[in-house]
Amino acid sequence: YALFTLSFLTITWRLIIRDMLNYLKKININKIPRVVIYGAGEAGARLQASLRISGKYQIVAFIDDSKKLSNRNLNGIQIRLASYLNDIKDDIDLVLLAIPSLENFELKKIIDNIKNLNIPILQVPSIDDLVSGKAKIDTLKPIKIEKLLGRECIEEDLQSLKTYYEGKNICITGAGGSIGSQLSREINNLSPKKLILIDMSEPNLYAINKELKHKNKMVEVIPILCNCNNYDLIKKLFLKNSVEIVFHAAAYKHVSLVEENPIAGLANNILTTRVLCKTCLELNIDKFLLVSTDKAVRPANVMGASKRLAELIVQDFSNKVFDEKNKNKIHTKFSIVRFGNVLGSSGSVIPLFKEQILKGGPVTVTHPEVIRYFMTIKEASQLVLHASLLSEGGDVFLLDMGEPVKIKDLAEQMIQLSGLKLLNDANPNGDIEIIYTGLRPGEKLYEELLIDGNSVNTSNKFIFKVNEKSLSSIFLEEKLDLLEKYFEENDTKNSLAVLSDLIPEWSISKLSLNKIKK
């Protein structure tokens with residue numbers, strides 16, 4: 001009896017434990033994300049082999065655009081065309097993109113096709129990272145946001161500029177900002193003699209100065225913590241360091257903040273430009289280039305109007321050069337470069353969307369029809385350097401921004417490219433919701449790059465030039481003197497009224513209009 005009882009209990013427990021293990025295994029399999037691998041080439045095969053060993057994902061199928069591979073098997077898994085995703089979209093948790101050498105326009109095409117299916121996407125590392133050993137094939141990561149531009153990122157050969165910038169004394173205002181700091185890096189690589197970095201922000205100036213001090217020991221990096229409104233300081237600084245080229249990237253650029261604080265925004269963006277141009281003209285500095293924005297074109301906010309007035313100031317000083325060229329032998333070349341939104345810059349929607357996605361949402365978009373031009377910080381900085389080289393005086397340069405991007409689509413794609421699903425009426429089980437908050441004061445649905453006239457080509461295929469009307473120098477000077485007086489008195493009403501006289505095409509927002517009425 002004892003032997004029978006012991007045998008019975010042993011067999012019973014073994015059967016119970018076996019069933020429990022099988023049940024737990026089945027639950028675990030159901031929890032493993034079901035994925036498809038997009039790309040049935042070498043990278044796809046390597047990814048499948050790696051994931052099979054790790055057990056991280058349950059691979060349902062390979063997807064490939066080649067009809068020759070359709071319905072074949074790769075390592076026992078069937079290869080299907082992209083249309084198959086529509087049939088299994090509700091049973092798939094993730095698309096793993098395994099084509100590391102894909103061009104940007106091809107990548108965007110794939111993303112656009114998958115976007116409507118609301119399936120998250122992750123990508124294998126680039127070929128460079130795989131070859132160098134920086135990453136393994138199964139190191140899946142979100143797709144970089146610049147890939148959504150739908151074009152190849154502009155890569156300029158900066159060595160062609162080295163003969164021009166090498167050995168020169170160059171000043172960059174706003175050197176700690178998004179554009180200013182990248183300009184500083186690019187110029188530092190071209191081995192100037194001196195690099196004078198001006199910024200009002202102590203943390204920003206400290207960071208870029210510390211970074212550049214250790215990169216090129218041959219360049220003398222000079223950090224200057226000051227406001228460019230200080231004429232005496234700027235003049236002494238330029239004289240002491242024999243400045244030859246000035247890149248003016250300092251500005252208050254956050255539309256909503258400047259709309260709320262118009263005097264601060266106007267004084268900084270307008271007076272700094274006037275002081276710098278005046279100094280460059282007096283000291284006969286070789287070149288001055290203003291970094292402007294597409295928001296200066298038919299501006300709908302105070303920030304845009306301030307940048308448009310800054311452009312008019314630069315044009316006026318260029319006219320002074322041509323008027324006085326034969327008498328005083330002044331040769332300073334004043335020019336402007338104008339472009340749209342820069343991916344990843346402070347205040348842009350990209351960092352905001354990333355932060356909101358990390359917090360689990362919602363992602364806020366002001367209006368479903370808002371569109372913007374975008375380019376990367378590196379692209380913008382390199383093209384600014386080329387534009388300065390092309391300057392002949394009085395030029396307004398436009399950078400090729402590609403096709404405009406709808407902000408709503410950008411938000412949806414960023415959610416998807418973060419490996420998450422969009423939450424909406426069609427997909428109530430999604431992860432992140434998009435909420436529309438309404439256009440802010442001074443915000444436009446779309447931006448433009450041209451005020452009037454047609455742009456013409458330059459020797460650089462990514463840079464165009466346009467000639468635009470300027471104001472009477474006497475009229476402009478009188479109004480600027482009046483503006484300075486109102487700035488000192490902190491008179492918002494009269495400051496905005498003068499700004500309206502100078503920029504008649506400025507579409508005054510309700511917030512600015514209320515300030516004028518008060």
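Glu 412 is buried, with a relative accessible area of 14% (buried means under 20% relative accessible area, exposed over 50%, partly exposed in between, with a 1.4 Å probe and protein chains only). The model is predicted: local features need pLDDT of at least 70, side-chain atom pairs count only at pLDDT 80 or more, and totals for chains, interfaces and linings use all residues. Residues are numbered from 1 along each chain as its sequence is written, and side-chain values use heavy atoms, with hydrogens and water left out.

The side chain of Glu 412 meets that of Lys 408 in a salt bridge, 3.3 Å from N to O (a salt bridge is a side-chain nitrogen of Lys or Arg within 4 Å of a carboxyl oxygen of Asp or Glu). Both residues lie in helix α15 (residues 407-417), four residues apart, about one turn of the helix. Helices (H or I, at least four residues) and strands (E, at least two) are DSSP runs, numbered from the N terminus. Lys 408 is partly exposed, at 23% relative accessibility.

The count comes to 22 salt bridges. One of them joins Glu 477 and Arg 274 at 2.6 Å, N to O. Glu 477 lies in helix α16 (residues 473-488) and Arg 274 in helix α11 (residues 262-282), so the pair ties together parts that are 203 residues apart in sequence. Arg 274 is buried at 11%, whereas Glu 477 is partly exposed at 22%. Lys 465 forms a salt bridge with Asp 395, with the closest N and O atoms 3.6 Å apart. Here the partners sit in strand β22 (residues 463-466) and strand β17 (residues 395-399), so parts 70 residues apart in sequence are tied together. Asp 395 is buried, at 4% relative accessibility.

Strand β7 (residues 169-173) is largely enclosed by the rest of the structure, because five of its five residues are buried. Asn 169, Cys 171 and Thr 173 point one way from β7, and Ile 170 and Ile 172 the other way. Strand β7 pairs in the parallel sense with strand β8 (residues 194-199) over five bridges; two strands pair if DSSP finds at least two bridges between them. Four bridges join β7 to strand β10 (residues 245-248), also parallel. Ile 170 stands opposite Leu 195 in β8 and opposite Ile 245 in β10.

Ile 17 lies in helix α1 (residues 2-31). This residue is partly exposed, at 46% relative accessibility.
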